[in-house]
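I keep these notes as I go through the structure. Each entry says what I looked up and what I found.

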Amino acid sequence: PLVGSGNTGTITIPVPLGVKFGTYHATLQIKNQLGAESPVYDFSFTINLSADYIVSKFDDVVICDNSSWMFAQYQWYKNNELIPGATDQFYFEPKGLVGVYSLKVNTVDGKTLFCCPKEYNKPKIQKVVVIPNPTKANEPITVQVQGFRDTELQQASLSVYTVHGAEIFKTKDIEATNKLSIHLIPGIYVGRLTLKNGKTHVFEIVVNN
């Protein structure tokens with residue numbers, strides 16, 4: 001038997017651990033202290049998908065685990081708001097995963113289910129690092145571009161300028177780690193990574209004797 005919570009009209013039904021997600025149908029009959037019984041009421045309730053079905057990939061992608069091949073359609077939500085166009089098995093967040101993500105799925109047999117929300121705090125930090133810096137004259141340097149996806153580096157360019165604005169090096173063949181053989185004399189140089197969307201990241205190279 002279930003016990004109601006005072007006069008609030010609320011009855012709490014504990015769900016045993018291990019019960020599979022889905023919609024369940026049940027009946028309810030109420031009995032008072034005098035033994036009088038109410039009619040039998042039909043109702044249904046839904047157990048949502050576990051938040052474990054939402055898996056992060058890197059710092060900017062969430063994926064719905066569909067290893068069981070149960071799901072056919074997807075709709076992602078962030079902070080309880082629908083994300084327009086986010087209807088793939090994965091969702092890419094350009095600035096990193098920061099917020100509460102949830103998901104509505106349609107199964108292959110036509111059922112609609114919701115996934116419990118999952119919170120992430122993985123802001124995406126994009127930066128350019130020069131190693132070593134300061135460096136020595138005519139010494140090879142390594143330029144690391146961190147936090148960028150491969151697609152962001154396509155059609156990008158990496159340039160090095162003197163403090164007077166003269167371009168002394170440029171390449172469009174950019175990877176996560178780039179070894180540059182540039183003959184630099186002592187001084188300060190300015191580097192610029194320009195993405196195909198026009199966004200730039202400026203960095204400084206210091207060359208000592």
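Predicted model: local features only at pLDDT ≥ 70, side-chain atom pairs only at ≥ 80, totals over all residues.

Residues are numbered from 1 along each chain as its sequence is written, and side-chain values use heavy atoms, with hydrogens and water left out.

Entry on salt bridges.
I counted a salt bridge where a side-chain nitrogen of Lys or Arg is within 4 Å of a carboxyl oxygen of Asp or Glu. By this rule I get four salt bridges. I took helices (H or I, at least four residues) and strands (E, at least two) as DSSP runs, numbered from the N terminus.

I looked up Asp 60 and found a salt bridge to Lys 124, at 3.1 Å from N to O. Asp 60 sits in the loop between β3 (54-57) and β4 (61-64) and Lys 124 in the loop between β9 (112-123) and β10 (127-131), so this pair ties together parts 64 residues apart in sequence. Asp 60 also forms a salt bridge with Arg 149, where the closest N and O atoms are 3.4 Å apart. Arg 149 lies in the loop between β12 (141-146) and α1 (150-153), and this pair is 89 residues apart.

I then looked up Glu 152, which forms a salt bridge with Lys 124; the closest N and O atoms are 3.2 Å apart. Glu 152 is in helix α1, and Lys 124 is 28 residues away in the chain.

Which residues are linked in a network of salt bridges? I list Asp 60, Lys 124, Arg 149 and Glu 152.

Asp 60 counts as buried because its relative accessibility is 4%. Lys 124 is at 16%, so it counts as buried. Glu 152, at 22%, counts as partly exposed, and Arg 149 counts as partly exposed at 29%.

Entry on Asn 178.
I found Asn 178 in strand β15 (residues 177-180). Is Asn 178 buried or exposed? Asn 178 is buried, with a relative accessible area of 7%. Its side chain reaches the backbone oxygen of Glu 175 at 2.7 Å. I listed its contacts (heavy atoms within 4.5 Å). Leaving aside neighbours within four places in sequence, Asn 178 is in contact with Ile 141, Thr 142, Val 143, Val 145 and Asp 173.

Entry on a sheet.
I took two strands as paired if DSSP finds at least two bridges between them. Five strands form an open sheet in the order β11-β17-β16-β13-β14, with mixed pairing. β11 (135-136) and β14 (167-171) stand at the edges with a single partner strand each, so one side of each has no neighbour in the sheet. β11 and β17 (residues 200-208) run parallel and are joined by two bridges. Lys 136 has Asn 208 in β17 as its bridge partner.

Entry on Tyr 41.
Tyr 41 is in strand β2 (residues 41-47). Tyr 41 is at 42% relative accessibility, so it counts as partly exposed.

Note on methods. Buried < 20%, exposed > 50% of the residue type's maximum accessible area, 1.4 Å probe, protein only. Polar contact = N/O pair within 3.5 Å; in protein donor to acceptor, adjacent residues only side chain to side chain.
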